[in-house]
Amino acid sequence: MTFYIFNRKGRCQYYHEWQRLKPVRQGAGSQEEDFKLMFGLCWSMRALATAIDPKSPSMKQMGAPMRIGDGCSFNSIKTSSFKLQFLESPSGLKASWRMPGSGGQPCWGAGCFVLTTDPSVGSMVEQLQYIYASLFVELVVKNPLYTPGEPFLFEPFSAALNKYMRALGLLS
Amino acid sequence: MEMINAEIFTLTYGSMVRQLIADHEDVEEVNAQLDKMGFSIGQRLIDEYLAKSKTQRCSDFRETADRIAKVGFKMFLNTTATVANWNAEGTECSLILEDNPLTDFVELPEQLGALKYSNLLCGVIRGALEMVNMDVECAFVRDVLRGDDVYEIRLKLLSSSTEAYPFKDDD
């Protein structure tokens with residue numbers, strides 16, 4: 001199970017891994033590559049979802065620039081071995097989680113949150129929203145040492161995140 | 001939302017402005033510093049606003065101005081503003097505040113006539129909107145402290161940028 005916070009420029013601001021069955025070296029090659037692949041996947045899914053959005057009045061060309069927050073988004077991608085939960089903040093923050101076999105959710109505009117989980121895990125939309133509103137805003141944004149958009153490593157945030165994940169029963 | 005005593009807030013802001021005047025002496029420089037501080041605050045405030053107000057995206061600038069006036073000011077200053085004086089293109093408007101908690105108990109001495117006492121607010125709005133990709137110009141045009149009957153913040157949308165994939169293909 002892994003957790004990523006990307007800023008709206010696609011840079012990974014925070015990464016935590018609880019359990020990763022295969023080391024990054026055997027996957028993307030390097031941690032940096034892994035961040036890029038993960039962001040690229042979320043970005044493309046968003047673009048794809050927007051392009052085929054049946055409610056959109058006009059067909060948008062795939063990959064055409066959009067205004068932040070425009071277009072429809074996705075909540076999760078489920079595969080046979082993991083699920084990716086995605087939350088995009090209206091300020092462009094995108095987050096997703098991935099558990100081996102579970103998923104993550106999107107935030108809006110400022111960036112996004114990505115959580116990967118076991119595929120058997122249900123919807124995490126509200127939980128990602130909670131992480132955004134109650135953990136990220138309170139413990140990161142309000143921390144004077146935090147520079148918006150820059151990577152951070154704050155013990156209180158990590159501790160609260162761990163505690164919350166344990167309370168959700170996602171960690172053994 | 002966590003609340004604090006309004007008077008403590010007002011007095012703290014007052015002593016901060018007083019300190020800036022003592023440090024910089026030049027009134028224009030103080031105005032610029034207030035704007036800059038506000039900008040940094042706005043960049044952070046936006047996430048709290050978005051996360052706690054649970055609002056969806058704004059469809060246009062009119063809606064954005066309306067949200068700032070009705071939701072933003074309410075959340076952070078416990079007051080509301082009126083949106084007025086739109087230009088024909090819908091890119092400029094005024095936020096009119098009848099009540100500004102920052103200026104309770106404040107009187108401007110004559111030699112500080114050029115001080116934009118509440119300029120921090122302009123910076124906050126600019127910083128917050130910058131985070132949602134809206135480039136705005138924001139300035140006080142009317143100020144009760146300087147003898148007008150209301151506070152008026154003029155808001156001008158310069159550009160609204162789009163989201164594009166941040167990496168090059170071969171990156």
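This is a predicted model: local features need pLDDT of at least 70, side-chain atom pairs count only at pLDDT 80 or more; totals for chains, interfaces and linings use all residues.
Helices (H or I, at least four residues) and strands (E, at least two) are DSSP runs, numbered from the N terminus. Residues are numbered from 1 along each chain as its sequence is written, chains are lettered from A and ligands numbered from 1 in the order in which they are written, and side-chain values use heavy atoms, with hydrogens and water left out.

**Stop 1: chain A as a whole**

Select chain A and colour by secondary structure. Three helices and eight strands make up its secondary structure, and from the N terminus the order is β-β-α-β-β-β-β-β-β-α-α. Of the 172 residues in chain A, 53% are buried; here buried means under 20% relative accessible area, exposed means over 50%, and partly exposed lies in between (1.4 Å probe, protein chains only).

**Stop 2: a salt bridge in chain A**

Select Glu88(A) and Arg46(A) and display their side chains. They meet in a salt bridge at 2.2 Å, N to O; the term denotes a side-chain nitrogen of Lys or Arg within 4 Å of a carboxyl oxygen of Asp or Glu. Glu88(A) belongs to strand 5 (residues 83-88) of chain A and Arg46(A) to helix 1 (residues 31-51) of chain A, so the pair ties together parts that are 42 residues apart in sequence. Are these two residues buried or exposed? Glu88(A) is buried, at 4% relative accessible area, and Arg46(A) is buried as well, at 5%.

**Stop 3: chain B as a whole**

Now select chain B. Four helices and five strands are found there, in the sequence pattern α-α-α-β-β-α-β-β-β. The radius of gyration of chain B is 17 Å, close to the 16 Å that the globule rule gives for 171 residues, so chain B is as compact as a globular protein of that length. The radius is taken over C-alpha atoms, and the rule is 2.2 Å times the number of residues to the power 0.38. Along the principal axes, the C-alpha atoms of chain B fill a box of roughly 60 × 35 × 35 Å. Buried residues account for 48% of the 171 residues in chain B.

**Stop 4: salt bridges in chain B and between the chains**

Select Glu92(B) and Arg154(B), whose side chains form a salt bridge of 3.4 Å, N to O. Glu92(B) is in strand 2 (residues 92-97) of chain B and Arg154(B) in strand 4 (residues 151-160) of chain B, so the pair ties together parts that are 62 residues apart in sequence. Glu92(B) is partly exposed at 22% relative accessibility, as is Arg154(B) at 23%.

Next, select Arg142(B) and Asp149(B), where a salt bridge of 3.3 Å, N to O, joins the side chains. Arg142(B) is partly exposed, at 26% relative accessibility, whereas Asp149(B) is exposed, at 62%. Then select Glu138(A), Lys142(A), Glu48(B) and Lys52(B), which salt bridges with shared partners join into one network. Over all chains, the structure contains 13 salt bridges.

**Stop 5**

Show the surface of chain B and select Ile4(B), Ile8(B) and Phe9(B). These residues form a nonpolar surface patch with about 290 Å² of accessible area together. Patches are made of residues with over 30% relative accessible area and no salt bridge; like charges are joined within 9 Å and nonpolar side chains (Val, Leu, Ile, Met, Phe, Trp, Tyr) within 5 Å. Accessible areas come from the Shrake-Rupley method with a 1.4 Å probe, and for residues only the protein chains shown count as cover. Phe9(B) sits in helix 1 (residues 6-24) of chain B and is partly exposed, at 32% relative accessibility.

Which residues gather in a patch of negative charge? Select Asp23(B), Glu25(B), Asp26(B), Glu28(B) and Glu29(B) to see this patch on the surface. Lys and Arg count as positive and Asp and Glu as negative, while His and the chain ends are not counted; the place of a charge is taken as NZ of Lys, CZ of Arg, CG of Asp or CD of Glu. Glu28(B) is part of helix 2 (residues 27-53) of chain B and is partly exposed, with a relative accessible area of 49%.

**Stop 6: two positive phi angles**

Most residues other than glycine have a negative phi. Select Glu25(B), a residue other than glycine with a positive phi near 65°. Glu25(B) lies in the loop between helix 1 and helix 2 of chain B and is exposed, at 66% relative accessibility. Finish at Phe105(B), which is not a glycine but has a positive phi of about 65°. Phe105(B) is in the loop between strand 2 and helix 4 (119-131) of chain B and is exposed, at 59% relative accessibility.
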